[in-house]
Amino acid sequence: MKRYQGMVYSQARKAFLSEEEAEDFTQEVFLRAYESLSQFRGEAQFSTWLFQIAKFRLTKVNKKKTHLITDWSDDIASVADKTKPSVVEILDKEETHHNLHSLIAKLPSSYQLPIRLHYFENKPLKEIANDLNIKLNTIKSHIARGKELLRKWWSHEIEG
């Protein structure tokens, strides 16, 4: 679980607005994998099999999300209760999240992978350096340059 939870969680984080939902989803995927372990035939890598489970579960969750707002009273209660985000805030956050991931996808892979591993899978810089067999200072440099490009592109998005 330790080996793959960061990867499953990062995929879940892209699909869900809250960290709690992503964490719950990640746990559910690992529970399903554990329950289905006897069905793993070893024809593919374990990570591939695990991601197929995650993809299947995500498809089921997304079908439920298509009817996100079915009851106007819930929406009105949400707007009235300032502790809950409004529908507009949720959609705005989702759009921002999507835009950020789109910009990251445009980065050179030498910047993209360390940024994803560090910020979305919460891996320490030393571990990233070891995993990628790259010097720690190079990883730091790639992350800094990637972040600078993201800042530049983000400001153009906002101005444009």
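What share of the contacts in the protein with a separation of 6 or more is accounted for by residues 24 or more positions apart? In this predicted model, such residues account for 51% of those contacts.

**Overall architecture**

The secondary structure comes to 8 helices and 0 strands. Read along the sequence, the protein accordingly shows the pattern α-α-α-α-α-α-α-α. Of the 160 residues in the protein, 28% are buried.

In soluble globular proteins, nonpolar side chains tend to be buried together. The largest nonpolar core of this model has 16 residues, and those with the most contacts inside it are Phe16, Phe25, Val29 and Leu50. Helices H1, H2 and H3 (46-65) are the elements that give two or more residues to this core. A second, separate core has 12 residues, including Leu107, Ile115, Leu117 and Ile143.

When residues up to four places away in sequence are not counted, valine 29 touches Val8, Leu50, Ile53 and Ala54.

| Nonpolar core | Number of residues | Residues named |
|---|---|---|
| Largest | 16 residues | Phe16, Phe25, Val29 and Leu50, those with the most contacts inside the core |
| Second, separate | 12 residues | including Leu107, Ile115, Leu117 and Ile143 |

**Tyrosine 34 in helix H2**

Helix H2 spans residues 19-35 and contains tyrosine 34. Is this tyrosine 34 buried or exposed? Tyrosine 34 counts as exposed because its relative accessibility is 64%, and the cut-off for exposed is over 50%. Tyrosine 34 lies 16 residues from leucine 50 in sequence, and the C-alpha to C-alpha distance between the two is 9.9 Å. Leucine 50 itself is one of the residues with the most contacts inside the largest nonpolar core.

**Helix H6 and the residue after it**

Helix H6 covers residues 109-120, 12 residues in total. From its first C-alpha to its last, H6 reaches 15 Å, close to the 16 Å expected at 1.5 Å a residue. The buried residues of H6 are Tyr111, Gln112, Pro114, Ile115, Arg116, Leu117 and Phe120. Just after H6, asparagine 122 takes a positive phi of about 55°.

**The second largest pocket**

Asparagine 122 also belongs to the lining of the second largest pocket. This pocket holds about 280 Å³ of space. Its lining has 15 residues, and Gln5, Gly6, Tyr9, Glu121 and Asn122 lie nearest its centre. Helix H1 (5-15) and H2 each supply at least two residues of this lining. By type, the lining divides into 4 nonpolar, 5 polar and 6 charged residues.

Technical notes. Residues are numbered from 1 along each chain as its sequence is written. This is a predicted model: local features need pLDDT of at least 70, side-chain atom pairs count only at pLDDT 80 or more; totals for chains, interfaces and linings use all residues. Side-chain values use heavy atoms; hydrogens and water are left out. Helices (H or I, at least four residues) and strands (E, at least two) are DSSP runs, numbered from the N terminus. Buried means under 20% relative accessible area, exposed over 50%, partly exposed in between (1.4 Å probe, protein chains only). The expected span of a helix is 1.5 Å times one less than its number of residues. On a 1 Å grid over the protein atoms alone, a cavity is a set of points where a 1.4 Å probe fits but cannot get out, and a pocket is an open set with protein on both sides within 12 Å along at least five of seven lines; lining residues have an atom within 4 Å of a point. Grid points are joined across faces, edges and corners, and a volume is the space filled by probe spheres set on the points. Ala, Val, Leu, Ile, Met, Phe, Trp, Tyr, Cys and Pro count as nonpolar, Asp, Glu, Lys and Arg as charged, and the others, Gly among them, as polar. A nonpolar core is a set of buried Ala, Val, Leu, Ile, Met, Phe, Trp, Tyr and Cys residues joined through side-chain atoms within 4.5 Å. Contact means heavy atoms within 4.5 Å.
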